[in-house]
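Please find below a colleague's note on a structure, written for a reader who is new to the subject. Each point takes up one topic.

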Amino acid sequence: MKKMKKIIFLSLLVSVGLALSVIESAMPMPVIVPGAKLGLSNMVILVTLVIFGFKEALIVGILKSLVFTLVTGSISSLFYSLSGAILSCILMFLVYKYFPSIFSLIGVSIFGAVAHNFAQVTIAVIIMNNMKIYSYLPILLLTSLFTGYFVGLASIFIVKNLKKTFNVFF
Amino acid sequence: MTKGDKYLIIFIVVISLISLGFIKNKAINYKEKYVSIQVNGKEYKKIIFDKKIIGKTFPIETEFGYNLIEIGDEKVRVIEASCPDELDVKQGYISKPGEVIVCLPNKLVIEIKGLEEERDVDYISH
C-alpha cells in the first residue's frame with residue numbers, strides 16, 4: 001500500500017513537471033538568449049530529491065523528459081533535455097547530500113541550473129561538431145543564476161508545505 | 001540564503017564575465033572576416049563580406065530543413081527558418097568573429113570567422 005502511494009505521488013510530480021514545461025514553452029522570453037529557459041520543471045526534480053531521494057528524483061527527471069518529448073514531438077530535443085536532467089540531478093544530489101551546511105536549496109538549485117546548461121551545450125557541441133557553441137555558455141550561466149535563484153526560493157516554500165502533507169500520508 | 005550561496009553567486013558572475021570578456025577580446029584581433037555556414041558539422045558554404053552582396057539572401061536547403069540567410073553590411077542574420085521556435089530568426093544580426101547563430105533542429109551553424117593573415121618570415125638574423 002505504501003509503495004502504491006509512493007508511485008502515485010511520483011507520477012503526480014512527473015505530471016506537475018510536465019505541465020510546468022508546457023507552460024514554460026508557451027511563455028515569451030523578454031531577452032532572446034538561445035537555449036535559455038526558466039527551468040521551472042527543475043523545481044519538481046529538486047522537491048523530489050529533498051522529499052524522496054536521489055533515485056526517485058532521477059526517475060522523475062527522466063520520465064518528465066521522455067513524456068515531454070512525446071508532447072512536443074521533437075526527438076532531437078530529447079538528448080538535450082535528458083542530458084540536462086540527468087547531470088543536474090546528479091550534481092544537485094551531491095551538493096545536497098555532502099554540503100547541506102554550506103548551501104541552502106537556492107545554492108543547490110543554482111548548481112542544478114548550471115549543470116543543466118553545461119550538459120545541453122556540451123551535447124550541442126558533440127552533435128554539431130563545433131566548439132564555438134561554448135561561447136554561448138557565459139551568457140547562459142548568467143541567466144541560470146537568476147532562474148536558479150528563483151527556482152530555489154520557490155522550492156524552499158514547496159518543501160516546507162509538502163513535508164507537512166507527506167508526513168500525514170507516510 | 002546562506003553565506004555559501006552568496007559566494008557561489010559571486011563566483012559564477014565573475015567566471016562568466018571573465019569568459020565573456022575573453023571571447024570579446026579574441027574577436028577584436030581579426031580584421032578580415034567571412035561567414036562560414038556549416039550543416040551537420042561540415043562546411044556548406046563560405047561567404048566573404050563584400051559591398052556588392054549587401055542585402056542579398058542565400059537559401060540553405062538540406063535534408064535537415066530550410067533556412068534563408070541575409071547578408072548585411074559586415075553582418076549576417078537568418079530571416080526565414082523551417083524550425084518550430086525560430087530562435088535563430090529572433091537572434092538577429094551577428095557581426096563579430098567568434099559569434100555564432102545556431103539552429104539546432106536543422107543542424108545549422110552560422111559562424112563569423114576571421115581570416116588569418118599570412119605571415120611571412122620577418123627577419124633572419126645571423
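1. On the model and its conventions. This is a predicted model, in which local features need pLDDT of at least 70 and side-chain atom pairs count only at pLDDT 80 or more, whereas totals for chains, interfaces and linings use all residues. Residues are numbered from 1 along each chain as its sequence is written, chains are lettered from A and ligands numbered from 1 in the order in which they are written, and side-chain values use heavy atoms, with hydrogens and water left out.

2. On the fold of chain A. Chain A contains six helices and zero strands; read from the N terminus, the order is α-α-α-α-α-α. Here helices (H or I, at least four residues) and strands (E, at least two) are DSSP runs, numbered from the N terminus.

3. On the dimensions of chain A. Its C-alpha atoms fill a box of roughly 50 × 40 × 30 Å along the principal axes.

4. On the interior of chain A. Of its 170 residues, 47% count as buried. Buried means under 20% relative accessible area, exposed over 50%, and partly exposed in between (1.4 Å probe, protein chains only). Among contacts (heavy atoms within 4.5 Å) in chain A with a separation of 6 or more, 72% join residues 24 or more positions apart.

5. On the extent of the interface. In chain B, 29 residues are in contact with 27 residues of chain A. The two chains bury about 2400 Å² between them, 74% of it on carbon and sulfur atoms; this area is the accessible area (1.4 Å probe) that two parts lose on being put together, summed over both. Leu8(B), Ile12(B) and Leu104(B) supply 20% of the area that chain B buries against chain A, more than any other three residues.

6. On polar pairing across the interface. Five residue pairs are in polar contact between chain B and chain A, both residues at pLDDT 80 or more. A polar contact is a pair of N or O atoms within 3.5 Å; within protein, one must be able to donate a hydrogen and the other to accept it, and residues adjacent in sequence count only if both atoms are side-chain atoms. Helix 1 (3-28), helix 2 (87-91), strand 6 (100-103) and strand 7 (108-114) of chain B each supply at least two residues of the side that touches chain A. The largest share, 11 residues, comes from helix 1 of chain B.

7. On Tyr80(A). Where does Tyr80(A) lie? This residue belongs to helix 4 (residues 76-98) of chain A and is buried, with a relative accessible area of 9%. Beyond its neighbours within four places in sequence, Tyr80(A) is in contact with Gln120(A), Ile123(A), Ala124(A), Ile127(A) and Leu104(B).

8. On salt bridges. The whole structure has two salt bridges over all chains, each a side-chain nitrogen of Lys or Arg within 4 Å of a carboxyl oxygen of Asp or Glu. Lys6(A) pairs with Glu56(A) at 2.6 Å, N to O, and Arg77(B) pairs with Glu70(B) at 2.9 Å. Across the interface of chain B and chain A, zero are found.
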